[in-house]
Amino acid sequence: MKRFFARNAPAYVFLLPWLIGFFLLALGPILASLYLSFTRYDMVSAPRWIGWGNYEYMFTRDRRFWKALEVTFTYVALAVPARLIMALGVAMLLDKGLRTIGLYRAIFYLPSLLGASIAIAILWRQLFAADGVVNQVLAMVGIQGASWITDPDTSLYTLVVLAMWQFGSPMLIFLAGLRGIPRDLYEAAEIDGTPRWRQFTRITLPLLAPVIFFNLVLQTIDSFKTFSSAFIISNGTGAPADSLLFYTVYLFNEAFKFFRMGYASALAWFLLVIIATFTAIAFFTSKYWVHYENERD
Amino acid sequence: MAGLTVRNVGKRYGALSIIQGLNLDIHDGEFLVLVGPSGCGKSTLLRMIAGLEDISEGTISIGGKVVNDLPASKRELSMVFQSYALYPHMSVRKNLAFGLQNFKVSSAEVERRVAEAARILQIEQLMDRKPRQLSGGQKQRVAIGRAIVREPQLFLFDEPLSNLDAELRVQMRAELASLYARLGTTMIYVTHDQVEAMTMASRIVVLRGGKIEQLGTPQELYTRPQNLFVAGFIGSPKINMLQARTTRGSDGSVVSVAGMPDFAIPDLPTDDQALTLCVRPSSLRVGNGEVKGDGTIRLVEYLGSETLLHIALSSGQVLLVSDNGRTPYRMGDPVTIGFDLPDLHYFDSTGQRIEPIQKESQAQ
């Protein structure tokens, strides 16, 4: 034991900042929140153990919890495919070999960097407001646009469009994946008279499957955690009519508006279960549709 | 089956010219090999024939029909790629059938052709495997099978054996030759390996810098190389080149080569005084010959059936001599090397071949 430390001491010294960060800022709070999820805790008085009480309330009596789930699931179901299709489409255009590809890559990636920012969420609110730019453009062609953000029927879709616009990061990954497919395969297909659409469905998609899978998992996790855009656009309330009550917005309000820390912790842990379940499903089904070049049978 | 005509074909990428004014007639049922060093334009030419590259100028006709604007799929040809280009996610069977399904071929016919190709190439037991479960040679067979099932009028091969190890390359070379004998279809084959070219070709095109250096049968290229480049490129071990100066005498010319005594050669139809003489290592002998010179053995390379002797002349130039496998010589031995005059190839200062004037024609 002594020798182990003597030999590895320098390594641990270098690891120390990370270790402190991990135990103090990550693992500590994670375990604390697990404990808190079984308590009632308002940040003023000490946490009081209530067993499964928070979870019981969540599933049996909290209607807004179910509404938050509905909003979030709808958003994930729309935003993930929309963003991935957009990302793949743009990646395929860029893959055609533009000369100034570096510039285009940067330009297309920009929305993803900006997209998560508060400023863009505010901009989005302006764009889709009743008298916003979108409606002004529509008015020019004689269409009376809805009040996109304040109408509960359309508010969620403005966020789906925002998600679509933030295609940069999956696009870059798709682009790298497309670049990895040997040109020879398309040339062989070309000589064999394979139509473009068949080349896409029979060559591109199967060979891109590992990348699609990677993006799908990452974007699904990301979308479940969507917070800042929904928070800003709904003024932090999930309004109108709870149509933007994302799970994370609800969780945030429970924690920092109503100081129901115990309940918020329970919500957070359930979100973890949801995300873990979806990821597990993705991994389980992947063996049926994801082909890896180097896998062993 | 079809012949192919290439007329004044050029290929440019912007300002860079890869191929210039190339003319070539490929006969129906011929096995033509395009050979040359890297960057000589051989693959580009093949890809232009295939329809994978635009033709910057000139025309290419297949079976008498100009195909410049015809898409690759309408040219009725198949291509085998260096990388095999097998679809990694499909079984061998699906790889073979994939191309056929684009044409209106009935599924019974697809099955028949796939089975036939599998039988010819002896890959029947591999049909349900994925490419990653195949060895290099098996992959190459599948790639060839994919070309066969199309029943094309023209086969194109782009360095198909380059990724195989030496032993397999020899084996596949023989298999390709027998496949050609069996199908009799026109085949165009690109390689940088002159041994592949020599062993398989009906005719060889030697390319350099986008131009044809020589077109001929393997024998013609070996026995009568038209220029120094072809002389140096064709034949293994490499031909010996000697810088020489000639002075014309009353009965033929006298040649001076550094490190050897002067000797007389037949008249040459040139006033050029600076010549390059070439002689194959197999035409050089230790001990005898019409022309002889002294040297020292620098290196002995034993290859089994033959031994390569590296012999330095007193001028320092090293000549390669191919001796038999039971050579008694050792490194450092002083030896006399010799050759006969008919085995010499003459090239002028521009590198073009010169034929000695025959006695009969002199008499005329």
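Guide: In this predicted model, helix 3 of chain B passes helix 4 of chain B in a right-handed crossing. Helix 3 covers residues 107-121 and helix 4 covers residues 136-149. Two packed helices are described by the angle between their axes and the distance between the axes. For helix 3 and helix 4 of chain B, the axes come within 9 Å and cross at roughly 135°.

From helix 3 of chain B, the contact is made by B:R113, B:V114, B:A117, B:A118, B:I120 and B:L121. Helix 4 of chain B answers with B:R141, B:I144, B:G145, B:I148 and B:V149. By class, the residues of this contact divide into eight nonpolar, one polar and two charged. The spacing of these positions can be read against a general rule: an α-helix has 3.6 residues a turn, so residues three or four places apart point the same way.

The surroundings come next. Chain B has nine helices and 21 strands. Its C-alpha trace spans about 75 × 45 × 40 Å along the principal axes. Of the 364 residues in chain B, 37% are buried. Contacts between residues at least 6 apart in sequence join residues at least 24 apart in 65% of cases in chain B.

Another helix of chain B can be described by its burial. Helix 1, residues 42-50, is mostly covered, with seven of its nine residues buried. The buried residues are B:K42, B:S43, B:L45, B:L46, B:M48, B:I49 and B:A50. After helix 1 of chain B comes B:G51, which has a positive phi, near 95°.

Chain B also meets chain A. The contact takes 16 residues from chain A and 18 residues from chain B. On the side of chain A that touches chain B, the elements giving two or more residues are helix 9 (183-191) and helix 10 (196-224) of chain A. Helix 9 of chain A gives the most, with six residues. The residues on that side of chain A divide into seven nonpolar, three polar and six charged.

To return to the helix pair: helix 3 and helix 4 of chain B cross at roughly 135°, and eight of the residues in their contact are nonpolar.

Key
Residues are numbered from 1 along each chain as its sequence is written. Chains are lettered from A and ligands numbered from 1 in the order in which they are written. This is a predicted model: local features need pLDDT of at least 70, side-chain atom pairs count only at pLDDT 80 or more; totals for chains, interfaces and linings use all residues. Helices (H or I, at least four residues) and strands (E, at least two) are DSSP runs, numbered from the N terminus. A residue is buried if 20 or more other C-beta atoms lie within 10 Å of its own, exposed if 12 or fewer, and partly exposed in between; C-beta atoms are placed from the backbone. Two residues are in contact if their C-beta atoms, placed from the backbone, lie within 7 Å. Ala, Val, Leu, Ile, Met, Phe, Trp, Tyr, Cys and Pro count as nonpolar, Asp, Glu, Lys and Arg as charged, and the others, Gly among them, as polar. Axes are lines fitted to C-alpha atoms, for helices over the stretch in contact, and angles run from 0 to 180 degrees between N-to-C directions. A crossing is left-handed if the near helix is turned anticlockwise from the far one by less than a right angle, and right-handed if clockwise.
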